[in-house]
Amino acid sequence: MSEQEELTAIRHRLDELVQRVGELERTVDQLRGAGPAAQAAQKSPDRPELVTIPDVPYNNALWTDSDDEGLGVRDRHAP
């Protein structure tokens with residue numbers, strides 16, 4: 001294969017890649033709720049409501065006087 005043919009093949013594959021990335025972006029937008037199909041699916045009573053859990057750390061006061069799961073109470077030894 002000549003250098004010119006290789007460049008043509010690379011350009012063709014690059015164009016195809018750009019097209020597929022565009023399709024993927026449109027699909028992601030629909031799944032995130034930007035598209036009409038996803039909005040209709042979100043209104044469906046069959047789908048449970050999603051709850052967002054924040055990435056911030058929990059307040060340590062929530063764990064005061066709690067047992068360590070499977071280890072028992074902190075200040076006592078296992079029987």
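**View 1. Arginine 20 and glutamate 16 sit four residues apart in helix 1, about one helical turn from each other.** The model is predicted; local features need pLDDT of at least 70 and side-chain atom pairs pLDDT 80 or more, while totals for chains, interfaces and linings use all residues. Residues are numbered from 1 along each chain as its sequence is written, and side-chain values use heavy atoms, without hydrogens and water. An α-helix has 3.6 residues a turn, so residues three or four places apart point the same way. Arginine 20 forms a salt bridge with glutamate 16 (a side-chain nitrogen of Lys or Arg within 4 Å of a carboxyl oxygen of Asp or Glu). Their closest N and O atoms are 3.0 Å apart. The structure holds one salt bridge. Arginine 20 is exposed, at 53% relative accessibility; glutamate 16 is partly exposed, at 31%. (Buried means under 20% relative accessible area, exposed over 50%, partly exposed in between, with a 1.4 Å probe and protein chains only.)

**View 2. Helix 1 covers residues 3-31.** Helices are DSSP runs of H or I with at least four residues; strands are runs of E with at least two; both are numbered from the N terminus. Helix 1 has 29 residues. From first C-alpha to last, helix 1 reaches 42 Å, close to the 42 Å expected (1.5 Å times one less than the number of residues). Glycine 33 follows helix 1, with a positive phi near 105°.

**View 3. Leucine 62 lies in the segment after helix 2 (36-42).** Leucine 62 counts as exposed, at 54% relative accessibility.

View 4. Of its 79 residues, 5% count as buried.
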